[in-house]
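Me: I'd like to go through some labels on this model and ask what backs each one. Can you set the values against the cut-offs for me?

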Amino acid sequence: VVRNRQEDVFGMVYMVRRSMTVILSVISVGMILLSILIVSRQMKPIKEINAQILRLRDHDFSKGHQIDNYCARSDEFGTISIAVKELHRAVESQYELFAEVMETQTVGTLVTRADNTEVVLINRTAMKFFGLNPKKKDVSIADIRNQFDEEAVRIVDENMARVGSAEEGVSYEVSIMRGDELLYILTHAKQTYLTNGSSVIIFSMTDITDRKNLENHLLILSETDALTGICNRRSGESRVKSAIEEGRGGMFCLFDVDKFKYVNDNYGHGAGDDVLVAIAKTMKHSFRGTDVLIRLGGDEFVVFAVDVPDEAVGRMIIERFMSHILDMEIPSIQGHHISISLGALLMEPDDDFDRMYTKADSLMYDCKKKTGSSYMFYHSSEIPS
């Protein structure tokens, strides 16, 4: 009986201990789950506030659903939520102002990452410069480079290789074809380091097309004879000198109008100007675009026909020009026929402009001893046209 009672007692103790173990385990799991639920509930405002701050960092100004509710709380989370909401309002206003300023600028602005050339920002003016649709999203650097020709790409690449080491940045000019219009863009590029350690390159672009066109127009005016539209003496001599330095030989022709004073005296200086304009037009018609056509002054003209190989070809070119002179029709001189006297020579290795001019000048005055248009080659006898 005692033994049976002992077995019953030990069984009961074992059962109670096992039951207590199960109960305590269930209570522990319940407490853990409850703790997780409480912590999760307490962490939810922190997660929402942190998510809002991350959105602000990425320029996403959408608000979380619970931020306004958290602002009504009287604890620390309410205070933090109010601060984040005010920060959201201030940053959004500043970004809207920044975006509006960027879009209304007449200066094109482009920002790319320095390490991978990813486009961070581009305004409407820059999109217009590059011929891109202002509504296009996700503009890439390839979209921009495709707008340049090979020469412009070379200029850009050369300057980009220097931008990292240039403290004040680099400036350069490139041209871009926009349909039938040629744009000239002055660009200043500078690399800047941000507070997060990354670096970007900021491009500021200004349209200088009007200025370049004016410069080109003034350059043309400075190099062109105002009356005839061909080269004046200064630019003509410079072009002949350049051709000689490049090793391009040719034929040098010097001529003037026979009895030009008679035309001015009998028909007026306006008619004399008409004669000079007609001669320049005939020169353009008779010679190639690569030849240098010059009005030295008064009724004296020079032609430097490049790459004329020999005297036979030179004579053929001159005789064609002479026939065109004979065919000129100038109403203001009332049927009076214009003739010229021309001295020609093939350039020799030691010749320069002045030396060729002297040789041709003596030939030209020898031609005036004859009636009608005539020409002579250096070291050759006169051959009437």
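Me: Why is phenylalanine 148 called buried?
Reply: Its relative accessibility is 15%, and buried means under 20% relative accessible area, with exposed over 50% and partly exposed in between (1.4 Å probe, protein chains only). So phenylalanine 148 counts as buried. Bear in mind that this is a predicted model, where local features need pLDDT of at least 70, side-chain atom pairs count only at pLDDT 80 or more, and totals for chains, interfaces and linings use all residues. Residues are numbered from 1 along each chain as its sequence is written, and side-chain values use heavy atoms, with hydrogens and water left out.

Me: What about phenylalanine 130, buried or exposed?
Reply: Buried, because its relative accessible area is 3%.

Me: How many aromatic pairs does a search of the whole structure find, and what makes phenylalanine 130 and phenylalanine 148 an edge-to-face one?
Reply: The search gives 6 aromatic pairs. For phenylalanine 130 and phenylalanine 148, the ring centres are 6.0 Å apart and the planes are at 75 degrees, so the pair is edge-to-face. The rule takes rings of Phe, Tyr and Trp (its six-membered ring) with centres within 6.5 Å; planes under 30 degrees apart are stacked, over 60 edge-to-face, and the rest tilted. This pair links distant parts of the chain, 18 residues apart: phenylalanine 130 is in the loop between helix H4 (124–129) and helix H5 (141–145), and phenylalanine 148 is in the loop between H5 and helix H6 (150–163). Helices (H or I, at least four residues) and strands (E, at least two) are DSSP runs, numbered from the N terminus.

Me: And why is the pair of phenylalanine 255 and phenylalanine 301 called stacked?
Reply: The planes are 15 degrees apart, with 5.4 Å centre to centre, so the angle falls on the stacked side of the cut-off. Phenylalanine 255 is in strand S6 (residues 250–257) and phenylalanine 301 in strand S8, so the pair ties together parts 46 residues apart in sequence.

Me: What makes arginine 295 buried?
Reply: Its relative accessible area is 14%, so arginine 295 is buried. Arginine 295 lies in S7, where 5 of the 6 residues (292–297) are buried. Its side chain reaches the backbone oxygen of glycine 298 at 3.0 Å.

Me: How do you know that lysine 212 sits over the ring of tyrosine 184?
Reply: The test asks for NZ of Lys or CZ of Arg within 6 Å of the ring centre and within 35 degrees of the ring normal. The charged end of lysine 212 is 5.7 Å from the centre of the tyrosine 184 ring. Arginine 233 lies over the face of tyrosine 357, at 5.9 Å from the ring centre.

Me: How many disulfides are there?
Reply: A search of the whole structure gives 0 disulfides, with a disulfide taken as a pair of cysteine sulfur atoms within 2.5 Å. Cysteine 253 is buried at 0% relative accessibility, and cysteine 367 is buried with a relative accessible area of 0%.

Technical notes:
Polar contact = N/O pair within 3.5 Å; in protein donor to acceptor, adjacent residues only side chain to side chain.
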